[in-house]
Structures are given as structure tokens and as C-alpha cells.
Amino acid sequence: MKKLVSVMGVFLILFAVIFAAGCVTADQQEPTQLKIATTTSLYDTGLLDAVQDYYLKKFNVDLLITSQGTGKAIASAKNGDVDVLLVHSPAQEAAFIDEGYGVNHRGIAYNYFVIVGPAADPAGIAGMTPEEGVAKLKELGEAGTSGIVFISRGDNSGTHSAEKAIWKSAGFNYTAQITGSGPWYKETGAGMGDSLTTAGQLGAYILTDEATYLAYKKNNNLPLEIIIDEGTTLLNRYTVMTISPEKFPNTNLVDATAFTNWLISADGQNFIGAFGVETYGKALFTPMSTLKDSTLPPFNIDCKTPVVAPSA
Amino acid sequence: MSEDILTVRGLAKSYSKKEVVRPLDLSVKKGEILAIIGPSGAGKSTLMRMMDTIEPPSQGEMCIFGEPVTKHSVHRIRGRMGMLFQKTVLFDRTVAENVELGLSYRHLPKIERGERVAAILEHMGLSRFAERGARTLSGGEGQRISFARVLVTRPEILFLDEPTANLDPVSTRILEEMIIRENRENKTTIIINTHDQAQGQRLADRIAVMMDGTFVQIGSADEVFYHPISGKVAKFVGIQNIFTGHVRDGEVVSSQVSFCQVPVSLAGNVQNVQIMLRAEDIALSKTGITGDRRSVSGVVISSARSGAFLEVSVNAGCLFTVIVPFRQTGDVYAPGERVWIGWRSDVVHVIPDTS
Amino acid sequence: MGEISDGFIEAVTLIVTLNPEILEIAGRSLYVSVAATLVAALVAIPLGALIYYYDFRGKRAVINIVQTLYALPTVIVGLLVYLLVSYSGPLGSLNLLYTTNAMIIAQVILVSPLIIGFTVAGLTGLDKEMKYTTLALNARAYRALLTLVREAKFAILSAVVLAFGRAIAEVGAVMMVGGNIRHFTRTLTTAITLNTSMGDFAMSIALGIILLTIALIVNLGVNVLQHYNGRVKDE
């Protein structure tokens with residue numbers, strides 16, 4: 001009994017210490033907070049962690065970044081749970097703005113989706129356009145050719161949207177002809193990293209953003225190589241939006257506006273352009289400001305004009 | 001004796017359609033010891049919990065200390081009563097803390113509690129246990145501590161639910177002495193459940209026999225043990241010789257055995273009777289019975305030792321069971337042997353056979 | 001194979017060198033789950049005691065429901081709390097989403113049924129004469145329950161420890177309502193999920209080792225309590 005009491009005593013002291021620790025952190029001088037919802041493929045590269053540290057130091061603003069699939073990120077933005085949305089899905093962004101949820105839309109960076117697959121390229125699609133490549137995969141896959149598998153995110157993420165756009169551009173009806181068309185087409189319903197791992201283990205082809213692929217390639221000896229990396233449908237465009245104060249008056253407009261303007265400023269663009277060079281030997285993102293005119297297709301987004309806080 | 005301290009009218013309890021206690025009445029006088037005896041499952045414990053107000057009755061009313069038991073009076077009334085259970089309940093703390101429990105529920109000052117606990121332990125000869133963990137005690141000690149925990153609250157009515165059923169004979173004796181002492185010293189009214197009829201006889205002024213959820217007979221020990229009102233009660237109080245018979249020429253007869261003259265208590269022209277005779281009240285002899293006894297001769301069917309006694313079955317027209325102290329005679333009765341049995345006619349209990 | 005052993009070695013290095021990010025995450029996990037368990041215990045033990053004490057219509061059904069909720073899926077709790085505390089939800093104005101408080105609320109809901117159920121079971125496991133004794137000694141309900149809960153303390157405490165184990169190991173609810181925000185709401189489990197999807201297995205393994213160690217301590221705690229509980233029953 002005595003022993004038990006002392007054991008419990010130790011526990012109590014532990015708890016007290018933890019609570020005290022919790023209070024101490026809470027007592028520190030409070031920076032303002034900006035809530036950002038973003039997608040896993042952007043977050044998982046580590047860019048935003050780096051931005052978070054830099055931004056806190058420089059502007060004393062805490063970036064509370066929660067990463068979810070594009071679908072969920074947009075849903076939480078529509079619930080008014082965040083101030084800023086950072087995504088890469090042009091169609092969904094347009095709908096979001098049309099419905100009046102998003103304002104101050106600016107492009108910040110881009111890179112390319114790539115189709116990666118086994119180094120041996122069993123489908124022989126290297127050098128094709130993305131449309132030709134996927135059509136060949138479908139043909140071989142449906143013929144039951146062994147070793148031909150395509151992995152899809154299948155989760156309504158930005159990457160998944162990009163994949164659907166490629167199928168459409170190749171002349172297929174995604175729901176009727178692609179999804180569920182056979183064992184060659186598998187949907188993981190998981191994040192980019194998990195899907196890449198799955199593809200690696202199955203020796204499958206997969207559409208991925210280059211940044212996540214590079215991170216995975218480096219950290220996990222992912223046995224996949226870039227097979228197709230050229231084509232306008234492979235463009236992966238990252239944009240920022242502020243949640244409209246007309247929908248949600250609680251939006252932190254001051255910090256949202258400042259953050260957007262920092263992202264498109266020379267400092268922000270340099271930060272993005274430099275990210276990954278040290279670790280991967282090449283930048284993971286190209287700053288949007290390197291384009292002559294980003295408002296032209298296929299980019300179609302302003303990346304230069306500073307934003308002003310909209311009135312509620 | 002003085003006024004009724006507890007009266008019960010039409011008290012009954014059902015659990016989901018099953019009647020555990022059927023409507024019954026009872027009055028208990030101040031200072032009395034009442035034993036409720038009956039087979040297990042008769043509803044004794046449930047009745048007792050209802051009377052101690054810790055289990056709500058399904059119907060009926062109670063009046064205790066001259067006050068009807070209601071939602072408002074129940075705590076006031078319960079505070080003046082106490083109950084001890086068959087299963088010893090000891091909380092995982094010291095003996096003194098266990099005994100103190102009822103006093104702390106009553107919000108008595110710490111000093112007074114300590115004094116009363118020390119006094120009751122002293123009084124009951126349990127002081128040496130005070131600082132022991134209660135769970136380290138033996139069964140008998142534990143039950144005495146439980147009893148002390150009740151007594152320290154100075155109950156005016158004490159309910160004891162089979163308090164010695166789990167105890168060895170020595171511990172049973174000690175607790176019985178404590179019970180009697182509490183009754184004598186503090187005039188505490190005591191109601192005790194027991195399936196041990198001898199215990200009922202040792203302790204009680206009055207005995208209530210409970211069967212199938214209600215009282216079937218209430219009376220003195222003599223009434224219940226020697227004059228049970230039915231064959232069922234007779235069997236329960238340990239009467240081994242129960243015969244159905246009839247009245248013939250002013251005699252009570254069964255299977256050609258004439259037991260006694262028709263007692264005056266037997267009203268009118270009763271024809272069929274039940275005849276009851278305690279095995280201990282029958283004399284047994286190899287040579288014949290003399291004196292003012294009825295006697296018949298018969299043949300030994302079997303005989304068996306039962307402790308210090310010898311239980312002999314004799315076929316003398318009826319099949320008698322006879323119990324004799326073994327050492328007194330040292331006799332052995334072999335099956336087939338011819339013997340005489342005899343009894344005084346006043347020990348025969350005759351009731352009308354209503355079946 | 002090499003991936004696992006390399007990851008493991010790096011993980012141990014991270015722990016031994018007291019990597020500040022790991023310490024921060026482990027501390028937050030402990031804080032959230034301890035707070036949730038304590039709050040849940042404060043609510044659930046009295047609630048369980050009341051369910052045990054009073055006889056009421058539908059008591060059996062209530063206990064059945066509580067027991068069913070032991071297996072309440074964490075993501076359902078997460079969704080429920082998310083809908084409650086989301087800015088558009090009924091508690092939106094409290095600004096709880098993506099805070100440790102929201103995570104604590106979710107875990108309180110998650111583990112309360114466990115503590116309620118085990119409190120009822122622990123008290124029911126006592127001799128019924130024990131309840132009768134407290135009543136017969138004229139204890140009011142709350143005093144009787146204090147005495148009885150104290151008697152069932154080992155059973156109830158092991159339920160609390162188990163609840164803590166469930167709280168600290170769950171990922172679905174804290175992910176949904178906490179948002180896995182670095183430096184704010186990232187816990188051991190959400191960090192493992194994230195680092196695994198980022199391909200940083202060493203970090204995942206390191207966090208996993210810490211989580212396993214905590215689970216082990218919890219398990220030991222339950223064993224000690226059940227040992228004492230068993231001894232009380234034997235005596």
C-alpha cells in the first residue's frame with residue numbers, strides 16, 4: 001500500500017510538472033496567429049515548416065498550418081476555420097472564388113507534376129506526352145499485360161484533380177472509362193507520400209508532384225524514376241487566397257494580407273526559390289515571379305500586384 | 001411490556017413480478033427480542049432491509065418510533081436503527097476507522113467520535129484490534145467489529161440478518177452473548193433472522209416463522225416448537241414424527257396406534273387430524289415401558305449414530321423416529337429387534353388436518 | 001531492412017540527444033492526454049457512481065450503451081468535436097478549433113465511457129452488503145458513494161490509467177480537431193502519421209519508441225493496480 005502511494009505520488013508530481021510546463025509556454029509573449037489550410041503535397045515537402053520559422057522570427061506572427069487533402073482543406077476554409085488557403089487545384093480554386101469564399105488570389109510558385117515509374121519502363125512510354133503515356137498505360141493495362149499498374153491518389157486532392165485533367169485531355173471520361181476499369185488502375189485514397197510508397201512497392205506508374213517525389217527519392221530510396229516530365233497538363237500551380245470577410249468576419253485580414261504580400265514579395269519569392277537547393281541539389285519550386293507574365297495561359301494568375309485587405 | 005416500537009401493515013416486495021415478501025403485518029415491542037426463522041429464500045432478509053428502511057417496499061406501511069416512515073422521516077428514523085448482515089462487511093481501513101464510519105456519517109465532532117469508538121471497543125473487548133487493518137481479522141473478529149460499528153451509533157432497534165451463519169460455534173456463542181448483553185444493558189429492541197431454530201430459542205422472547213414470503217406463525221418458543229400450526233411449520237422446526245390420523249371413540253389414532261385422548265383444544269367434530277411428536281420426547285426400551293405413558297411395541301428398522309445421539313427407526317404400525325442419548329444406555333439396536341416405545345400423552349400435538 | 005535499422009539508429013540518436021522537437025511533441029502529447037484523462041475522471045467517476053447507486057428505468061440500457069461506447073471510433077469523436085467547434089458550428093465563437101483545448105475535449109469524450117463503465121463495474125463488483133452497510137449506517141448518497149468509490153479505488157484507478165493509454169495512443173480525433181499544427185497541436189501520433197507520409201522514418205520511429213515506452217509504463221501501472229485489486233479481493 002505504501003509503495004502504491006509513493007508510485008501515485010510520483011505520477012502526481014509528473015503531472016504537475018507537465019502542467020506547469022504547459023502554463024509556462026502559454027505565458028510567453030503572444031505573437032498574433034494566422035491560420036492556414038494547405039494540402040499535404042505542399043506541406044510534406046517541408047517548405048511551409050521553413051516558412052513558419054522564418055516568418056515568426058521576422059514578423060512575430062505564428063503561422064498555424066494544418067495540412068489536409070485539397071478537398072478537406074477547402075471544406076475547412078468554407079467552415080471559416082482558417083484565414084488563408086494555400087492550394088494547387090485550379091478548378092477547385094475557381095469554384096471556391098466563384099462561390100464568394102476566396103479573395104486576393106495570387107500565384108506564388110509552380111513546378112511540374114511528373115509521371116514516375118519503374119526504371120525499366122515496361123510500358124515503354126518514356127518520351128511521350130502525358131496524354132499519350134496514360135493512353136498507352138490504359139491500353140496495356142486493360143489487355144492484362146503483366147507489370148502494368150497505375151496508382152491514383154483517388155482522394156480528390158489537387159494531384160488527383162491534375163490526373164483527372166490529363167485523362168480528360170487524353171479523351172477519356174474519367175468516371176466511365178478509368179476509375180474501376182480493372183486491376184491495372186488502383187486508387188490508394190491516401191496522401192502523396194503513402195501513394196508513392198505503394199507505387200514503389202508495386203513497381204507501378206504514378207502521377208506525383210516533383211517536390212514530394214524528390215523528398216521521397218532521397219529519404220527512402222524510392223525505386224521509381226521520372227518517366228514523363230513535359231507537357232502543359234503537368235503544370236502544378238500553387239496559389240494563395242484569403243478567406244472572404246463577407247463570409248466569415250472573423251478572418252484575420254491584417255495578417256492574411258501581409259502574408260500574401262510577403263509571399264509575392266522579392267523576399268518571399270527568393271525564399272521559395274531557394275528552398276530545397278541545399279537538401280536536394282535543386283529547388284523544389286519555381287517562384288511565380290520568374291515568369292514574364294503569369295497571367296497568360298497556362299498559368300492564368302496574377303503574381304505581382306500587392307493585395308489590400310478587403311473591407312468586411 | 002411497553003408500547004409497540006415498530007408496526008408493519010401489509011408490507012410486501014416484488015422484484016419484476018416475483019413476490020419475495022407477501023403482504024404481512026408485524027408489531028414489535030420496545031426491548032423485545034424477536035427471532036424470524038424460516039428456510040432460506042423465505043424473504044427474511046428482504047423483509048429486514050425493508051424494516052431497516054434501506055430497501056423501499058412495493059406496498060404497505062411502517063410506523064417506527066411512533067412515526068410513519070415517509071420520504072421526510074426516513075433518515076431521522078434510520079439514524080436510530082442499525083443493521084448487521086450475514087456477510088461481514090469490512091472496509092479497507094483500520095478497525096477504528098471502520099467502527100467510526102456511522103459516526104462520521106452523522107457529522108459528530110472528531111473528538112467525540114474517537115471517544116465513542118474507543119469506548120465501544122473497550123466494552124466489547126476489542127481494543128487490541130483498533131489500529132489493525134480491518135481486512136486482517138478472522139471471521140469471528142470481523143463480525144464483532146461489524147457489530148461494534150453498529151452499536152457505536154447507539155441504535156434503539158437492531159436488525160441482525162443471520163449474523164452468525166458464517167461463524168464457527170465459538171464465535172457464534174461470543175456474538176450471541178454480545179447480543180443478549182446489548183438487549184439487557186440498553187433495552188435495545190432486537191429483531192434477528194436465523195435459519196438456526198435453536199439460536200432463535202436461545203435468544204428470542206418471541207419467534208415468527210416466515211415461509212414463502214409471509215409469516216405463518218408468531219408466538220413464544222414453546223408455541224412454535226411444540227405447537228406448530230401446520231405440518232409444514234412442524235417439519236421446519238424439526239418435528240420428525242408427523243402422521244395423518246383420525247378421531248375414534250375419543251382417541252387420536254393412526255394406523256391402529258392410539259396416541260392420546262382427543263385434546264380439548266381440538267374443537268367440535270374434527271375427524272381427520274395431523275399428529276406430531278418430537279423424536280426426543282419418545283422413550284425407547286428393549287424390555288417394555290412402564291408408568292403413565294402410552295406405549296406400543298415394534299421392530300427396529302435401522303439405527304444410526306448422530307453425534308452424541310442415536311437415531312432409531314421403529315415400525316410400530318406407524319414408522320417412528322426416536323432419538324435417545326447414546327451413552328445413557330450404551331444399547332445397540334439391531335434391525336429386526338423387538339422394542340417398546342412410549343410417550344406421555346401431553347407431548348402429542350394434534351391439529352385438524354385441513355388438507 | 002537497412003531502412004529499418006538505419007531509421008532505428010537515427011531514432012535512438014534523436015532521443016538520446018534530447019531533440020527539442022521530439023521533447024516538445026512528447027510533452028504536448030502528455031499534457032493533452034493527462035489533462036483529458038483528469039477531466040474525464042472528474043466527470044465520469046461521479047457519473048458512473050450515480051448510475052451504480054440509483055435504480056432507474058432503463059439503467060441496463062444505459063450501461064449497455066456506455067459499454068458500446070468503449071469502442072467509439074476516434075475519427076467519429078473527431079468529426080463530432082470538429083463539427084461542434086468549427087467556426088460554423090455551435091461552439092464556433094469559442095475559437096477552439098486547432099487548439100489543444102479542442103483536442104482535450106475530444107479525448108474527454110473518447111475516454112469518458114471507459115471510466116464510467118469501469119466505475120459502474122468496479123462498484124457493482126463490491127459485495128452488495130457493502131452498499132447496504134453504508135445505507136444502514138444512515139449515510140447520505142454522496143457519503144455512501146465516497147465510501148464505496150474508495151473501496152473500489154483500484155478498479156477505478158486502473159480504468160483511469162487505461163483511459164490515459166487510449167487517449168495518448170489515438171490519432172484520429174486529435175488529427176481532425178487539432179490539425180497537427182507544428183509547435184501548437186502536433187502530438188506523438190499525428191507527428192508519426194505526418195513524418196511517415198513525408199518519408200522521415202527515423203523521426204517516426206523515434207516518436208514511436210517514446211509512445212511505446214509510455215504505453216509500457218501505462219500497462220505496468222494497470223498491472224500494479226490489478227495486483228492490489230486482486231489482493232483486496234482475496235483478503
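# Reading helix packing and a sheet

Q: How should I read the way in which α9 and α10 of chain A cross: is the crossing left-handed or right-handed?
A: In this model, which is predicted, α9(A) passes α10(A) in a right-handed crossing.

Q: What angle and what distance between axes describe the packing of helix α9 of chain A and helix α10 of chain A?
A: The general idea is that two packed helices are described by the angle between their axes and by the distance between those axes. Here helix α9 (residues 192-202) of chain A packs against helix α10 (residues 210-220) of chain A at an angle of about 60°, and their axes are 10 Å apart. Angles under 35 degrees count as roughly parallel and those from 65 to 115 as roughly perpendicular, and α9(A) and α10(A) are therefore oblique to each other.

Q: Which residues of α9(A) and α10(A) meet?
A: On the side of α9(A) they are A:Met192, A:Gly193 and A:Leu196, which meet A:Thr212, A:Tyr213 and A:Tyr216 in α10(A).

Q: In what order do the five strands of the open sheet in chain B stand?
A: To read a sheet, follow its strands from one side to the other. In chain B the order is β13-β12-β11-β14-β20, and the pairing is antiparallel. Strands β13 (257-261) and β20 (349-352) of chain B stand at the edges, where each has a single partner strand, so one side of each is left without a neighbour in the sheet. Neighbouring strands of this sheet are turned by 35° against each other on average, with direction ignored.

Q: Over how many bridges do strand β11 of chain B and strand β14 of chain B pair?
A: Strand β11 (residues 241-248) of chain B pairs with strand β14 (residues 272-277) of chain B in the antiparallel sense over six bridges. As one example to find in the structure, B:Gly245 has B:Val273 in β14(B) as its bridge partner.

Q: How many helices and strands does chain A have as a whole?
A: Chain A comes to 13 helices and ten strands, and of its 312 residues 46% are buried. Among the contacts in chain A with a separation of 6 or more, 75% join residues 24 or more positions apart.

Q: Which chains have the most contacts between them?
A: Two pairs of chains touch, and of these the pair of chains A and C has the most contacts. No contact joins chain A and chain B, whose closest C-alpha atoms lie 11 Å apart.

Technical notes: Residues numbered from 1 in each chain as written. Chains lettered and ligands numbered in written order. Predicted model: local features only at pLDDT ≥ 70, side-chain atom pairs only at ≥ 80, totals over all residues. Contact = placed C-beta atoms within 7 Å. Helix = DSSP H or I, 4+ residues; strand = E, 2+ residues; numbered from the N terminus. Buried ≥ 20, exposed ≤ 12 C-beta atoms within 10 Å, placed from the backbone. Pairing = 2+ DSSP bridges. Axes fitted to C-alpha atoms, helices over the stretch in contact; angles between N-to-C directions. Parallel < 35°, antiparallel > 145°, perpendicular 65-115°, else oblique. Left-handed = near helix turned anticlockwise from the far one by under 90°.
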